[in-house]
Amino acid sequence: MGAHHPALGLLLLLLCPAQVFSQSCVWYGECGIATGDKRYNCKYSGPPKPLPKDGYDLVQELCPGLFFDNVSLCCDIQQLQTLKSNLQLPLQFLSR
């Protein structure tokens, strides 16, 4: 990633383990869908929430250098799945 993909790196840092960066969140979960497939995050001003074990593989895939067991995040599994699906097309272009 590095200097070649700074916007992608910033996006991943925003959603990776909160305990590394902050002890307070600004959102958690998805509250709705707008036209098309755009999803809205729910406003939340509290501590990061523990990630269920079934989300560990997804976090490991999206943020391999920042993943630790028993991680707490400012996003839920659905948000991580949305991030992964939204990154598919940009990653195809960046890999060429």
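**Figure 1. The left-handed disulfide of Cys25 and Cys74.** The link between Cys25 and Cys74 is left-handed, with -75° about the S-S bond. Cys25 lies in the loop between helix H2 (18–21) and strand S1 (27–33), and Cys74 lies in the loop between strand S4 (72–73) and helix H4 (77–94), so the pair ties together parts that are 49 residues apart in sequence. The S to S distance is 2.0 Å; a disulfide is defined as a pair of cysteine sulfur atoms within 2.5 Å. Cys25 is buried at 3% relative accessibility, and Cys74 is buried with a relative accessible area of 15%. Buried denotes under 20% relative accessible area, exposed over 50%, and partly exposed the range in between, with a 1.4 Å probe and protein chains only. The model is predicted: local features need pLDDT of at least 70, side-chain atom pairs count only at pLDDT 80 or more, and totals for chains, interfaces and linings use all residues. Residues are numbered from 1 along each chain as its sequence is written, and side-chain values use heavy atoms, with hydrogens and water left out.

**Figure 2. The disulfide of Cys31 and Cys42.** The sulfur atoms of Cys31 and Cys42 are 1.9 Å apart and form a disulfide. Cys31 belongs to strand S1 and Cys42 to strand S2 (residues 39–43), so this pair ties together parts that are 11 residues apart in sequence. Helices (H or I, at least four residues) and strands (E, at least two) are DSSP runs numbered from the N terminus. Cys31 is exposed, with a relative accessible area of 54%, whereas Cys42 is buried at 16%. The structure holds two disulfides.

**Figure 3. The sulfur of Cys75.** The closest cysteine sulfur to that of Cys75 is in Cys74, at 7.3 Å, which is too far for a bond. Cys75 is buried, its relative accessible area being 2%.

Figure 4. Leu58 is placed in helix H3 (residues 56–62) and is buried, with a relative accessible area of 12%. Apart from neighbours within four places in sequence, Leu58 is in contact with Ile77, Leu80, Gln81 and Lys84, where contact means heavy atoms within 4.5 Å. The C-alpha atoms of Leu58 and Leu80 are separated by 7.1 Å, and these residues are 22 residues apart along the chain.

**Figure 5. Overall context of the close-up views.** Four helices and four strands make up the secondary structure of the protein, in the sequence order α-α-β-β-β-α-β-α. Of its 96 residues, 35% count as buried.
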